Amino acid sequence: MRLPLFAMHMVLNTVMGLGLGMYKHCKQTGKPGAGRWLALGLLLPVLWHTLYDSATVKTPLILAPDDPMVQSVGLVYAGVMALASLVLQFTVLWQFKKNTERSCSLSIES
């Protein structure tokens, strides 16, 4: 289950870096939306990783030894989260590839 998501940490780091970089850029240039970028950069990667881990890492839903129905729900939840993370991972990578030039042209002063 982990192999297809090999780039997830890189993707989450990239989302966080974009959010924090855009926050600083908006603050320095006076553009609106700095708070939104800060929230995106800090909350989205943490929330995404937490939801993924809650579904796939030793979750009581999957490990419930006495209830096959609970195990089934846990396995479906894990499958949905793994598939969603896989799709989101490639979507984010594709979007960053398309917008690399624009993102790199933004200035941030030290």
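In this predicted model, the lining of the largest pocket draws at least two residues from each of helix 1 (8–29), helix 2 (34–56), helix 4 (68–98) and helix 5 (100–104). The pocket itself has a volume of about 160 Å³, and its lining consists of Val15, Leu18, Trp37, Leu40, Leu44, Val92, Gln95, Phe96, Asn99, Arg102 and Ser103.

Trp48 belongs to helix 2, and it is buried because its relative accessible area of 9% falls under 20%. Between the C-alpha atoms of Trp48 and Thr100, which stand 52 residues apart along the chain, the separation is 23 Å.

The chain as a whole contains five helices and zero strands, giving the pattern α-α-α-α-α when read along the sequence. Its radius of gyration of 18 Å is well over the 13 Å that the globule rule gives for 110 residues, so the chain is more spread out than a compact globule. Among the contacts with a separation of 6 or more, 66% join residues 24 or more positions apart. Further values for the chain are set out below.

| Property of the chain | Value |
|---|---|
| Span of the C-alpha trace along its principal axes | about 60 × 25 × 20 Å |
| Share of the 110 residues that count as buried | 25% |
| Accessible surface | about 7,500 Å² |
| Share of that surface belonging to carbon and sulfur atoms | 70% |

Methods
Residues are numbered from 1 along each chain as its sequence is written. This is a predicted model: local features need pLDDT of at least 70, side-chain atom pairs count only at pLDDT 80 or more; totals for chains, interfaces and linings use all residues. Side-chain values use heavy atoms; hydrogens and water are left out. On a 1 Å grid over the protein atoms alone, a cavity is a set of points where a 1.4 Å probe fits but cannot get out, and a pocket is an open set with protein on both sides within 12 Å along at least five of seven lines; lining residues have an atom within 4 Å of a point. Grid points are joined across faces, edges and corners, and a volume is the space filled by probe spheres set on the points. Helices (H or I, at least four residues) and strands (E, at least two) are DSSP runs, numbered from the N terminus. Buried means under 20% relative accessible area, exposed over 50%, partly exposed in between (1.4 Å probe, protein chains only). The radius of gyration is taken over C-alpha atoms; the globule rule is 2.2 Å times the number of residues to the power 0.38. Contact means heavy atoms within 4.5 Å. Accessible areas come from the Shrake-Rupley method with a 1.4 Å probe; for residues, only the protein chains shown count as cover.
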